[in-house]
Amino acid sequence: MTTTPNKPPKTVPFTGGEKESLHASLDRHRDVVLWKLEGLDDEQLRRPMTPTGTNLLGLVKHLATVEYGWFCATFGRETEDFWFDTSADDMTIAPDETTERILAFYARARAAADLSIAGTDLDTTGTSWNGRTVSMRWVLIHMIEDVLRHAGHMDIVRELIDGSVGSYPTP
């Protein structure tokens with residue numbers, strides 16, 4: 001399975017603007033999430049590695065769900081209809097959910113989020129799922145934190161599966 005092209009990791013511009021830098025940081029870590037799946041088969045991607053059932057593919061499904069939620073729903077942008085209960089099943093992989101389906105879901109969520117980021121000023125506010133008024137700036141920072149947190153989980157899960165370690169792919 002190939003999820004990312006063999007190229008150097010993206011970097012945050014050293015003198016970029018605020019929005020460009022935040023978006024580049026988010027995108028850099030999104031790519032790490034996909035890189036953590038490289039070379040694993042379907043069983044390994046689904047294998048529960050913690051007592052709560054955490055697995056690599058479930059983490060990707062969750063990240064797709066929150067990309068749609070924070071970047072799209074918060075700012076009144078279109079999201080797709082989910083085939084699962086987001087309050088209970090966004091980290092669970094059902095037997096009929098293929099790896100390809102989850103990766104395509106994540107790709108669509110990223111693309112929709114990118115459109116929202118591009119079309120929304122940092123100071124523009126929206127209403128989050130919990131009723132809070134938040135700015136696009138806050139959402140970008142929050143999502144960088146969330147993706148990094150789950151990429152860290154993926155580091156540990158991947159190491160437990162096959163011993164692979166590393167923060168970013170090497171060119």
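Helices (H or I, at least four residues) and strands (E, at least two) are taken as DSSP runs and numbered from the N terminus. On that basis, the chain reads α-α-α-α-β-β-α along its sequence, with five helices and two strands.

Please note that this is a predicted model, in which local features need pLDDT of at least 70, side-chain atom pairs count only at pLDDT 80 or more, and totals for chains, interfaces and linings use all residues. Residues are numbered from 1 along each chain as its sequence is written, and side-chain values use heavy atoms, leaving out hydrogens and water.

The C-alpha trace spans about 45 × 40 × 25 Å along its principal axes. Of the 171 residues, 44% are buried, meaning under 20% relative accessible area with a 1.4 Å probe, protein chains only.

I turn now to the helix pair. The axes of α3 (residues 56-72) and α4 (residues 99-118) come within 8 Å and cross at roughly 25°; axes are lines fitted to C-alpha atoms over the stretch in contact, with angles from 0 to 180 degrees between N-to-C directions. The two helices are therefore roughly parallel, the term for angles under 35 degrees. Contact here means heavy atoms within 4.5 Å. Among the residues making it are L57, V60 and F71 of α3, and I102, F105 and I117 of α4.

Finally, E100 also lies in α4. Is E100 buried or exposed? E100 is exposed, with a relative accessible area of 59%, the cut-off being over 50%. Its C-alpha atom is separated by 12 Å from that of L37, 63 residues apart along the chain.

Definitions and conventions: Angles under 35 degrees count as roughly parallel, over 145 as roughly antiparallel, 65 to 115 as roughly perpendicular and the rest as oblique.
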